[in-house]
Amino acid sequence: MSLLAQLKARIAADGPISVADYMSECLLHPDYGYYATRDPFGQLGDFTTAPEISQMFGEMLGLCLAQTWLDQGAPETVTLAELGPGRGTLMRDILRAARAVPAFKPHVCLIEASAHLRTVQAETLADHDITWVDHIDDLPPAPLFLVANEFFDALPIRQFQRDGASWREIRIGVQDDVLSRGLGQAQGQPVLDHRLEDTQDGDIVELCTPAITITQALSHKIAQYGGAAVLIDYGDWRSLGDTWQAMKRHAPVPVLDAPGTADLTAHVDFECLAEAARIAGAQHSRITPQGVFLERLGITDRAQALAQNLADTDLDGHIAAHRRLTHPAEMGNLFKVMGIAPINTSMPPGLEI
């Protein structure tokens, strides 16, 4: 039975499902889920992330985290971790750059749910000693230096449409034998009470409960043991409007078409992540555009150094990659960066409290 058939059967038996339930099935179903069945990254996949564009992205993050470790007194036993590490490209580049600080010898952990991607990561990082874990709570009790690039945008969201002082949840049902969106009954949503200040009737607000839970867990560990997190994703301080989208072969497709065959994402609400960090006893930075963050870390100097050994199409590609990562019209403004650190410590370089 296909995933579409399974979803239709579930809806027929139990009624319409939330956007979060739909996303979870489409992305993580053990037999038909998007991440369980394919390598979605790069030119041959459905989208390209920053580490796949240029080694410079990971190099800047590697030096950033190594400097943060030095700023916190260079603790001896530390964990370097990545949430949703894709092919392992980012961690490979981070570790290569971090060799510039020889005393930085972390225990490397990858937090990955997909068995298929764990296999790919093992190949990419074959020269390194890597541990895989399922959850933040599985990480060792030690200072944690963590990076998450385009991780939170793929977590399941719920969507709510404002109706007076209440909210109606957008749900997925079946109409004329095809999946379609509808609205549930109007109900109060205490977690969205603060959004009555900046929304009007008919406005859509998205809520990502897993992002809040994960951010609280990593922030609690950082507050308890030390370390820092650098979170990079597309989104803004507050979610407003329908940002749910599907990508297939580097082009947008309808979100309800062919479940399990396209990547599903939504913009990240950084305000929710910041509040989760605060509740867990850590501090957070301002959100900073990715281009500004990378420029503060010295990506242009690194680009110029690498360009010395390039020519013709290789040089053109290198220049284009630098522009794509940093220019406001490309990824430079769309993607934001937020840091998390213990109270009374400095933020990772490139970020401000």
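The entries below go from ground rules to single elements and residues.

**Ground rules**

This is a predicted model, so I took local features only at pLDDT of at least 70 and side-chain atom pairs only at pLDDT 80 or more, while totals for chains, interfaces and linings use all residues. Residues are numbered from 1 along each chain as its sequence is written, and side-chain values use heavy atoms, with hydrogens and water left out.

**Helix 9**

I started with helix 9, residues 270-279. Helices here are DSSP runs of H or I with at least four residues, strands are runs of E with at least two, and both are numbered from the N terminus. Which residues of helix 9 are buried? I found Phe270, Glu271, Leu273, Ala274, Ala276 and Ala277. Buried means under 20% relative accessible area, exposed over 50%, and partly exposed in between, with a 1.4 Å probe and protein chains only.

The list holds helix 8 (209-225), strand 10 (227-236), strand 14 (268-269), strand 15 (282-284) and strand 17 (335-342). Contact means heavy atoms within 4.5 Å.

I then checked both ends. At the start of helix 9, a side-chain oxygen of Asp269 comes to within 3.1 Å of the backbone nitrogen of Glu271. Just after the helix, Gly281 has a positive phi of about 95°.

**Strand 17**

Strand 17 came up as a packing partner, and I followed it. Eight of its eight residues are buried. Two strands count as paired if DSSP finds at least two bridges between them.

- Strand 10 pairs with strand 17 in the antiparallel sense over six bridges. Leu231 has Met338 of strand 17 as its bridge partner.
- Strand 15 pairs with strand 17 in the antiparallel sense over three bridges. Here Ala282 is bridged to Pro342 of strand 17.
- Strand 16 (residues 288-289) pairs with strand 17 in the antiparallel sense over two bridges. Thr288 is bridged to Val337 of strand 17.

**Cores**

I looked up the nonpolar cores next. A nonpolar core is a set of buried Ala, Val, Leu, Ile, Met, Phe, Trp, Tyr and Cys residues joined through side-chain atoms within 4.5 Å. The largest has 53 residues, and Tyr22, Leu83, Leu146, Phe152 and Trp244 touch the most other members. Helix 2 (residues 19-28) gives the largest share of this core, five residues. Another core, of 41 residues, lies apart from it and includes Met60, Val78, Phe104 and Ala321.

Leaving aside neighbours within four places in sequence, Tyr22 is in contact with Leu7, Ile17, Ile172, Leu179, Trp244, Val255, Leu256, Asp257, Pro259 and Leu264.

**Cysteines**

How many disulfides does a search of the whole structure find? The count is zero. A disulfide would be a pair of cysteine sulfur atoms within 2.5 Å. Cys26 is buried, with a relative accessible area of 1%. Cys64 is in no disulfide either, and the nearest cysteine sulfur, that of Cys109, is 19 Å away. Cys64 is also buried, at a relative accessible area of 1%.

I traced an open sheet of three strands, order 12-11-13, with antiparallel pairing. Strand 12 (251-253) and strand 13 (263-265) are its edge strands, each pairing on one side only. Strand 11 (residues 245-248) and strand 12 pair over three bridges. Lys248 stands opposite Ala251 in strand 12.

**Trp132**

My last stop was Trp132, in strand 4 (residues 130-133). Is Trp132 buried or partly exposed? It counts as partly exposed because its relative accessibility is 24%. Not counting residues up to four places away in sequence, Trp132 touches Leu110, Glu112, Arg118, Gln121 and Ala122. A polar contact of 2.9 Å joins its side chain to that of Gln121. A polar contact is a pair of N or O atoms within 3.5 Å; within protein, one must be able to donate a hydrogen and the other to accept it, and residues adjacent in sequence count only if both atoms are side-chain atoms. Trp132 and Ala122 are ten residues apart in sequence and 9.6 Å apart in space, C-alpha to C-alpha.
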